Amino acid sequence: MATDETRERVIDAGERLFAAGGEDATSLRAITREADVNVAAIHYHFGDRDGLIEAIVDRRLQPLNARRLELLDALLAAQADPTVRDLLVAFARPDLEVIDEMRHTGRAQLARMMGRAYTLPSPKVGAMMQRQFAPIARAFLPRFAAAIPHLGERELRARIDLVVSVITLQFARAGDPGEPGPMGVEGVDGLDGQLDRLVGFLAPGLEAPAARVAGNDTTERTTA
């Protein structure tokens, strides 16, 4: 129990300091002082700095992805064949909720750290994120495939990757309180407005006709 408490205390300290000053400006020594542990505790629990960042991001991703699956379950209970737009709302809302919460509690730096972890992950962080995202892909991809039947699997996965890239950019550019929200646009107030703008941009791209490229499955499917 004491070991688990020490691990959580280090994660809490790292999150606070990364939120206050960014991960590049925060040393392991500062984190050990904040957590009241020695450097050996960080090496024991996390291996190195990347391991600590992995643990911080992982702790944030778990409830975020649980929320994503919760919204998908609620959507499927209400609609047998959800639209692309409704699927995107369930997929993207948890991310904007997290960004909004971090911005308004003075932790925009932490959101930006998560954005960098998404877009330029170390091998450790990248492997963890793949593990976290695997059940999300299994849940959402068949639903997107049913809603966009003219796309082959390879093209659909490529487009979902683009969707994820756009969403993770919103983490990386999260502004401080008083600055524009995740979409970076003045006059778009509130999470729902941000979500409408984001989904309004992403849905047409997902539903666009497939590129006709010889030799792969990105060509449009035809019916007999």
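Predicted model: local features only at pLDDT ≥ 70, side-chain atom pairs only at ≥ 80, totals over all residues.
Me: Where do I start with the aromatic rings, and how many aromatic pairs does a search of the whole structure find?

Reply: The search finds four aromatic pairs. One of them joins Phe91 and Phe140, with 5.2 Å centre to centre and 85° between the planes. Planes over 60 degrees apart count as edge-to-face, so this pair is edge-to-face.

Me: Which parts of the chain does that pair link?

Reply: Phe91 belongs to helix H5 (residues 84–104) and Phe140 to helix H7 (residues 123–147). The two are 49 residues apart, so the pair links distant parts of the chain.

Me: Are Phe91 and Phe140 buried or exposed?

Reply: Phe91 and Phe140 are both buried. Phe91 and Phe140 also belong to one aromatic cluster with Phe133 and Phe144.

Me: What kind of aromatic pair do Tyr118 and Phe171 form?

Reply: A tilted one, with 5.4 Å centre to centre and 55° between the planes. Tyr118 is in helix H6 (residues 108–119) and Phe171 in helix H8 (residues 153–172), 53 residues apart. Both Tyr118 and Phe171 are buried.

Me: Now the helices. How are two packed helices described?

Reply: By the angle between their axes and the distance between the axes. For H7 and H8, the angle is about 120° and the axes are 11 Å apart. That angle makes H7 oblique to H8. H7 passes H8 in a right-handed crossing.

Me: Which residues meet where H7 and H8 pack?

Reply: From H7, the residues are Phe133, Leu141, Phe144 and Ala145. They meet Leu156, Arg157, Ile160 and Val164 in H8. Phe133 and Phe144 were named above as members of the aromatic cluster.

Me: At what angle do H8 and H9 pack?

Reply: H8 and helix H9 (residues 190–207) pack at about 165°, with their axes 10 Å apart. This makes H8 roughly antiparallel to H9. The crossing of H8 past H9 is right-handed. On the H8 side, Arg159, Ile160, Val163, Val166 and Ile167 take part. They meet H9 residues including Leu198, Phe201 and Leu202. Ile160 is also among the H8 residues that meet H7.

Me: Which residues of helix H2 are buried?

Reply: In H2 (residues 28–35), the buried residues are Ala30, Ile31, Thr32 and Ala35. Just after H2 comes Asp36, with a positive phi of about 60°.

Methods:
Residues numbered from 1 in each chain as written. Heavy atoms only, no water. Phe/Tyr/Trp six-rings, centres within 6.5 Å; stacked < 30°, edge-to-face > 60°. Helix = DSSP H or I, 4+ residues; strand = E, 2+ residues; numbered from the N terminus. Buried < 20%, exposed > 50% of the residue type's maximum accessible area, 1.4 Å probe, protein only. Axes fitted to C-alpha atoms, helices over the stretch in contact; angles between N-to-C directions. Parallel < 35°, antiparallel > 145°, perpendicular 65-115°, else oblique. Left-handed = near helix turned anticlockwise from the far one by under 90°. Contact = heavy atoms within 4.5 Å.
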